Structure formats: C-alpha cells, structure tokens
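I opened this notebook to record what I looked up in one protein model. The entries follow the order in which I consulted it.

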Amino acid sequence: MIRKLMIGTAVAATMLAGPARAEQGDLLIRLRGIVVAPNEKSGSVLPAFPGEKVKVNNSFMPEVDFTYMLTKNVGTELILATTKHDASGRTGTTGSIGKLASTWVLPPTLTLQYHFAPEGQIRPYVGAGVNYTIFYSEKASKGLVAAVGKTDVSMKSSFGYALQAGVDIPIGKRAFFNLDVKYIDIDTRARLDTTAAATQRVKLHLDPFVFGAGIGMRF
C-alpha cells in the first residue's frame with residue numbers, strides 16, 4: 001500500500017511539474033513564420049539614371065533554426081531561410097517602369113545567444129553573430145525587358161553582422177512558443193546588363209528586420 005502511494009505521488013508530481021529547463025547539450029529546433037522587412041538605402045542607378053533609386057519589398061516565408069546549448073545560459077544558433085524580393089524604381093524613368101528585377105535571398109546566419117532565465121516561465125535571450133548572404137535566381141522584370149531589351153541581372157554576395165532578441169515561452173515539457181526579431185546587415189551591388197541601356201549598377205544596403213513567431217521543441 002505504501003509502495004503504491006509512493007508511486008502514485010511520484011507520478012502526480014511528474015504530471016504537475018513545470019516544463020523542464022534547457023540544459024547543456026540540449027538541441028532546440030524552432031519553426032517560425034517570418035516577415036523580412038528590408039530597411040533599404042539605395043544608391044543611384046548609374047551611369048544612365050543619376051538620382052533614381054530603388055526600393056525592395058517585404059517577404060513572408062517559413063524559417064527553421066537550430067540552437068545548441070553550450071551551457072544552460074549560452075547557446076549557438078544557426079538560422080536557415082530563403083525569401084524572394086522585388087526591386088522597383090521609385091522615380092523618373094525607372095519609377096515609370098515599376099518592378100525592375102526579382103531575386104531569391106539566402107542569408108545563413110550564425111549567432112551566439114545568452115538566455116537570461118533558463119528555468120523561468122518566460123525565457124528571454126539576446127544574440128549576435130554573422131551572416132553570409134547569397135543572391136540567386138536573379139531575373140529582370142517583363143517591364144524592364146520591354147523598356148531596354150534583354151537584361152541579365154546579377155547581385156553580389158554579402159558578408160555582415162546580425163543582432164537578435166527573442167523569448168521562449170514553454171507550453172509543455174519539451175515544446176515552447178517563440179517570438180524573435182533580428183537585424184541583419186546585408187549590402188550588395190546589383191548589375192544590369194541591358195541591350196539598349198548598356199550596363200547599369202546600383203548599390204543597395206538592404207539591412208532587413210526579420211520578425212518571427214513559431215513553435216519549438218527541445219531534444
């Protein structure tokens with residue numbers, strides 16, 4: 001009888017216990033929905049269109065990241081996602097064309113995080129690290145091709161820093177809800193080799209904010 005009571009008490013305590021904290025050696029895997037919002041600063045489209053700059057649209061996409069806990073407070077996170085963006089003219093000739101080109105962006109980002117309250121019900125963290133951004137599948141728009149003929153678009157890869165802040169909120173023994181925001185330093189130079197307007201170049205500081213929300217699991 002006493003043995004059954006002890007077992008029952010242990011089971012009840014396990015059921016009532018709060019979510020287990022992250023420990024050294026744990027792997028945290030998160031799946032987020034993200035909004036990538038470029039905070040762009042554009043140079044002129046040169047040499048043909050001085051003073052004419054471009055803008056870049058926001059993009060929505062899923063993201064997967066992996067955090068390995070080096071200690072209960074310190075972790076390192078690898079962030080993987082790719083998004084598609086359009087670049088459009090703002091004013092003048094390029095503004096009248098509108099959308100100029102599109103590109104896919106792949107910015108693998110590695111951050112070192114500090115988790116402030118690994119045993120708490122709300123677990124904030126901050127991080128800093130580096131990213132290497134690759135642009136691929138660049139393509140001129142139909143409007144640009146109609147205006148200046150066949151156009152080849154290329155964008156230079158970028159190396160920069162990344163800043164991060166977020167919070168994990170446990171919703172089970174291993175599962176948690178996550179909110180996250182990142183600032184990613186991305187600079188590039190776009191080159192447009194056109195038929196009628198020769199070669200045009202434009203410098204872009206994209207520097208997006210990345211807002212994310214999702215769920216995670218601790219392994």
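The entries below go from the whole chain to single residues.

**Entry 1. Ground rules.** I note that this is a predicted model, in which local features need pLDDT of at least 70, side-chain atom pairs count only at pLDDT 80 or more, and totals for chains, interfaces and linings use all residues. Residues are numbered from 1 along each chain as its sequence is written, and side-chain values use heavy atoms, with hydrogens and water left out.

**Entry 2. The chain as a whole.** I looked up the secondary structure and found three helices and 15 strands. Helices (H or I, at least four residues) and strands (E, at least two) are DSSP runs, numbered from the N terminus. Of the 219 residues, 41% count as buried; buried means under 20% relative accessible area, exposed over 50%, and partly exposed in between (1.4 Å probe, protein chains only). The accessible surface comes to about 11600 Å², and 66% of that belongs to carbon and sulfur atoms. These areas come from the Shrake-Rupley method with a 1.4 Å probe, and for residues only the protein chains shown count as cover. Among contacts with a separation of 6 or more, 70% join residues 24 or more positions apart; contact means heavy atoms within 4.5 Å.

**Entry 3. Salt bridges.** I recorded 14 salt bridges in the structure, each being a side-chain nitrogen of Lys or Arg within 4 Å of a carboxyl oxygen of Asp or Glu. Arg-30 and Asp-65 form one of them, at 3.0 Å from N to O. Arg-30 lies in strand E1 (residues 27–37) and Asp-65 in strand E4 (residues 59–69), so this pair ties together parts that are 35 residues apart in sequence. Both Arg-30 and Asp-65 are buried.

I then turned to Glu-77 and Arg-32, whose side chains meet in a salt bridge of 3.8 Å, N to O. Because Glu-77 is in strand E5 (residues 74–80) and Arg-32 in strand E1, the pair ties together parts 45 residues apart in sequence. Glu-77 is buried, with a relative accessible area of 0%, and Arg-32 counts as buried at 2%.

A further salt bridge joins Glu-63 and Lys-182 (3.3 Å, N to O). Glu-63 belongs to strand E4 and Lys-182 to strand E12, so parts that are 119 residues apart in sequence are tied together. Which residues are linked in a network of salt bridges? I listed Arg-30, Arg-32, Glu-63, Asp-65, Glu-77, Asp-168, Asp-180 and Lys-182.

**Entry 4. A charge without a partner.** I found Asp-185 in the loop between strand E12 (175–184) and strand E13 (187–194). Asp-185 is buried yet has no salt bridge, and the nearest side chain of opposite charge, Lys-41, is 10 Å away. Leaving aside neighbours within four places in sequence, Asp-185 is in contact with Asn-131, Ser-158, Gly-160, Tyr-161 and Asp-207.

**Entry 5. Backbone details.** I noted a cis peptide bond from Leu-46 to Pro-47, with omega near 10°. Pro-47 is in the loop between strand E2 (41–42) and strand E3 (54–56). Ser-137, although not a glycine, has a positive phi of about 55°; Ser-137 is in strand E9 (residues 123–140) and is partly exposed, with a relative accessible area of 48%. Ala-198 also has a positive phi, near 55°, and lies in the loop between E13 and E14.

Terms used
Lys and Arg count as positive and Asp and Glu as negative; His and the chain ends are not counted.
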